Amino acid sequence: MITYYVYISRQKKSFSNEDLDLLLLNARTYNATKNITGILFYFDGIFIQHIEGNSIDVVGLFEKINKDSRHDDIQVLKSGTVPERRYLDWKMLFKNIEPEEVEAFFGAPQIKESDLFGPKDKAYSVVSNLFETISV
Ligand SMILES: Cc1cc2nc3c(=O)[nH]c(=O)nc-3n(C[C@H](O)[C@H](O)[C@H](O)COP(=O)(O)O)c2cc1C
């Protein structure tokens, strides 16, 4: 079985492109060694991530992510086990969503922070829509 987590969080300080590049480089290197796959979105200072892999590795990674002082307000929207991976080939696909791309990604002209950090079922449905745009 494959264990997965879908969570959102807020940056604690603004990430430059270089900060994001470094985060990704390290994440991809580590994820490749553990065969952890998934997606990371960055949108208006908010991170949205899906990580998946062997239980022990994914739980271990999530503990590290949870302790990372670069972000806070970490909300797990969904986690569990599934028979197969969703993102077979992506050791961490990354997309920085610009404000003008919001409609294309979320299917709505505007995404309110309160939709993401409000009730989890609503947040998960917003995030699922977002994942659908990329998982083709
Ligand atoms: C939003 C966010 C997503 C992250 N995703 C990953 C990831 O997929 N893989 C990874 O190895 N580190 C990721 N990190 C970095 C980890 O939080 C942590 O810095 C890294 O695992 C090194 O931890 P360590 O110094 O305790 O070994 C992420 C950090 C943030 C803020």
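Biologist: Which element gives the most to the shell around the ligand?

Modeller: Please keep in mind that this is a predicted model. In it, 17 residues surround the ligand, with Ala27, Tyr30, Phe47, Lys64 and Asp68 the closest. Elements that each supply at least two residues of this shell are α1 (17-34), β3 (46-53) and α2 (55-67), and the one that gives the most, with five residues, is α1.

Biologist: How many residues of the shell around the ligand are nonpolar?

Modeller: The shell around the ligand holds residues of each kind, five of them polar and three charged. The nonpolar residues of that shell number nine.

Biologist: Within what arc do the buried residues of α5 fall, seen down the axis?

Modeller: Helix α5 covers residues 120-134, and at 1.5 Å a residue its 15 residues should span 21 Å, which agrees with end C-alpha atoms that are 21 Å apart. Its buried residues are Ala123, Val126, Val127 and Leu130. Seen down the axis of α5, these buried residues line one face of the helix, because they fall within an arc of 90°.

Biologist: Which exposed residues does the face of α5 turned away from its buried side carry?

Modeller: The buried residues of α5 pack against β1 (2-11), β2 (37-43), β3, β4 (71-82), α3 (102-106) and α4 (113-116). On the face turned away from that buried side, the exposed residues are Asp121 and Glu132.

Biologist: Which residue in β3 stands opposite Ile8?

Modeller: β1 and β3 pair in the antiparallel sense, over eight bridges. In β3, the residue that stands opposite Ile8 is Ile48.

Conventions:
Residues are numbered from 1 along each chain as its sequence is written. This is a predicted model: local features need pLDDT of at least 70, side-chain atom pairs count only at pLDDT 80 or more; totals for chains, interfaces and linings use all residues. A residue is near a molecule or strand if its C-beta atom, placed from the backbone, lies within 6 Å of it. Helices (H or I, at least four residues) and strands (E, at least two) are DSSP runs, numbered from the N terminus. Ala, Val, Leu, Ile, Met, Phe, Trp, Tyr, Cys and Pro count as nonpolar, Asp, Glu, Lys and Arg as charged, and the others, Gly among them, as polar. The expected span of a helix is 1.5 Å times one less than its number of residues. A residue is buried if 20 or more other C-beta atoms lie within 10 Å of its own, exposed if 12 or fewer, and partly exposed in between; C-beta atoms are placed from the backbone. The arc is that of the directions from the helix axis to the C-beta atoms. Two residues are in contact if their C-beta atoms, placed from the backbone, lie within 7 Å. Two strands pair if DSSP finds at least two bridges between them.
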